[in-house]
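Here are a few exercises to work through with the model open beside you. Try each task before you read its solution.

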Amino acid sequence: MPPPLSKEQIKELAILEPKLKLCVKYAKFDQAKDITTRIQLLLRPTGHEVRLLQAKNWLYETAMESNNIAFAKSGFEGTIKKSNIGTRLNLEATALLAICHMREGKLEKSKELIIKAIQGIGSIKSDERRKQFHKSLIERLEEESILLGLKNKQGTPLDVFEVDKEAVSLIMSKNEDQILIELGRSIPQPSLDLVSDIRSTYKLCLPKPDIKFLPPPLTDDSKLELGKRANSALKRVAWRAICDPSSDVHKAWSQGLSVAYDKKYIAGAIVTAFNSFSITATMIAASAVALAIKFGVEVFCETFAPKSIMIKKQEKD
């Protein structure tokens, strides 16, 4: 067992760890590497390897979100080898490694890791905590399935003027729920098939008593619920494009400047983000733009920030 953290270590970690978590949120990979190096220099001499591994998981997740998938995969594989099965560290690394493989379209490898993550959740004794972890993991996997099904590398890149035109039409004619329904209607069959496939894999691996812990499945019949989940998935692509405080679009939008709309800053940022992810459906992008503008900068960027796959220890539901 390592010795208790010193007052100096506690003071430094109180600054460095929140900064590192923010790197995940905004996909700031280079900054995350620098902070992790500082944390390593602080913790390794005193043998606090578990705390260091947690910091490294945040680094690898930042790499994943910034599309440095090879670095992320190598890192998560290292964490899995160095941590005990059933621990939060091991579960987190296994689940995020599954997502790395899903983003590469390697579904069979992803499914193998999903099964291992489910086994890790099974070691949690509390029914309530298992329910929380299952809900968090299955919803994230379904969101990633939606995104994967939306990818179209052969498609024509989005045109910002077309997207902006459709977004304005949605804003003028529909409320938030109606836009979400339109978004649900626009989700292509490949996304729905992937969601169904991942849900089936997940259920087959669960002990029967734990099946009741899964949230209701997404279906093609409920366009509003499908739209909500699709919106949650799309935030992982679009959110940081317009919510990074250092970006011009966020500065203009948060200050209420009309230039954010007149110069199509919001539409342009979302189109650029979607094109980089090979999402080429105009109505999907227009719905994302319309929802962002409808909700406004404070609600969209604060309330709708993408959630971590891991449940915080103090969360109750």
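**Exercise 1: Counting salt bridges**

Work out how many salt bridges there are, taking a salt bridge as a side-chain nitrogen of Lys or Arg within 4 Å of a carboxyl oxygen of Asp or Glu. Solution: by this rule the count comes to 23 salt bridges.

Before going on, note that this is a predicted model, in which local features need pLDDT of at least 70, side-chain atom pairs count only at pLDDT 80 or more, and totals for chains, interfaces and linings use all residues. Residues are numbered from 1 along each chain as its sequence is written, and side-chain values use heavy atoms, with hydrogens and water left out.

**Exercise 2: A pair within a helix**

Find how arginine 185 and glutamate 182 are placed in helix α9, and how exposed each one is.

- Step 1. Their side chains form a salt bridge, 2.8 Å from N to O.
- Step 2. Glutamate 182, at 19%, counts as buried (under 20%).

**Exercise 3: A pair across the chain**

Locate the salt bridge partner of glutamate 104.

- Step 1. The partner is lysine 73, with the closest N and O atoms 2.9 Å apart.
- Step 2. The pair links distant parts of the chain, 31 residues apart: glutamate 104 lies in the loop between α5 (88–103) and α6 (107–122), lysine 73 in helix α4 (residues 69–82).
- Step 3. Lysine 73 is buried, at 14%.

Note on methods. Helix = DSSP H or I, 4+ residues; strand = E, 2+ residues; numbered from the N terminus. Buried < 20%, exposed > 50% of the residue type's maximum accessible area, 1.4 Å probe, protein only.
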